[in-house]
Amino acid sequence: MEVRDLHEWPSGAAAAEAVQDRLRPLLELDVPGPAEPRAVAGLDVSYAGDGRGDRLAAAVVVLDGTTLDVVEESVVVGTAAFPYVPGLFAFRELPALLDALRGLRTSPDLLVCDGFGVAHPRRFGLACHLGVLTGLPCVGVGKTAFVGTYAPPGPRRGDTSPLVDGGEVVGRVLRTQDGVKPVFVSVGHRTDLDTACRNVLALSPRYRLPETTRRADRLSRDALAS
DNA sequence: GCGACAG
DNA sequence: ATCTTGTCGC
């Protein structure tokens, strides 16, 4: 798919925060998300060595939204573009992820990425950044809490509880399987939270994490090994 | 001031 | 994120 080039790149934390503040107004959060996406893309990145190095592999796996069969894959080996700083995580993986997206023949109807969307200190996590740059609906699925407080959701698959930060609901804690640790869902771009959670649940028929994320994780890991 | 902090 | 042994459960 066509992905526009990254123009300016922040040289430090202050500049990176400024980029987030400048792009945030471009978010489209008051629109219904894709209820039945035909193609859903999962994105993930793996690192070589102990994680302190900068060699990485970014993968995108597109699944049929109904059957969850793999439709297309794209993976690139690259370099971490920024040090890991909580709140600026996107700058680390964004260039490589955009490269992987460029390797796709078709444009997905929904992007599912690791990390958060608006459940972020400045309301502009990786899912927001990726959404704005691609123009595609995007949802963030985090494995651990970052910002906000919440009550544990019920014990059954599908149970949820609101993730609240600064007095506003920034996401939802979603139990994707009976009795397993919940995941943290937040909207990134062009989707509402209800639809985002429905999509994530539909993508997680068997395991805690969405099939999109699991497939992309495996693909990126394999790419580093070879 | 200090610690915690998506991946 | 990644490095790791054993262990519990289906």
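Trainee: Which glutamate meets the side chain of arginine 123 in a salt bridge?

Mentor: This is a predicted model, where local features need pLDDT of at least 70, side-chain atom pairs count only at pLDDT 80 or more, and totals for chains, interfaces and linings use all residues. Residues are numbered from 1 along each chain as its sequence is written, chains are lettered from A and ligands numbered from 1 in the order in which they are written, and side-chain values use heavy atoms, with hydrogens and water left out. A salt bridge is a side-chain nitrogen of Lys or Arg within 4 Å of a carboxyl oxygen of Asp or Glu. With 3.0 Å from N to O, the partner of arginine 123 is glutamate 168.

Trainee: How many residues apart in sequence are the parts that arginine 123 and glutamate 168 tie together?

Mentor: Helices (H or I, at least four residues) and strands (E, at least two) are DSSP runs, numbered from the N terminus. Arginine 123 sits in the loop between strand 4 (110–114) and helix 3 (126–134), while glutamate 168 belongs to strand 7 (residues 168–174), so the pair ties together parts whose separation in sequence is 45 residues.

Trainee: Is arginine 123 buried or exposed?

Mentor: Buried means under 20% relative accessible area, exposed over 50%, and partly exposed in between (1.4 Å probe, protein chains only). Arginine 123 has 17% relative accessibility, so the word for it is buried.

Trainee: What about arginine 190 and glutamate 28: how many residues apart in sequence are the parts they tie together?

Mentor: Their side chains meet in a salt bridge at 3.1 Å, N to O. Arginine 190 is in the loop between strand 8 (183–189) and helix 4 (193–202), and glutamate 28 is in the loop between helix 1 (13–23) and strand 1 (39–47), so the parts tied together are apart by 162 residues.

Trainee: Which helix holds both arginine 102 and aspartate 99?

Mentor: These two form a salt bridge, with the closest N and O atoms 2.8 Å apart. They're 3 residues apart, about one turn, and both lie in helix 2.

Trainee: Which residue's backbone oxygen lies 3.0 Å from a polar atom of the glutamine 20 side chain?

Mentor: Glutamine 20 is in helix 1 and is buried, at 1% relative accessible area. Its contacts (heavy atoms within 4.5 Å), leaving aside neighbours within four places in sequence, include Leu88, Phe91 and Gly87. The backbone oxygen in question belongs to glycine 87.

Technical notes: Polar contact = N/O pair within 3.5 Å; in protein donor to acceptor, adjacent residues only side chain to side chain.
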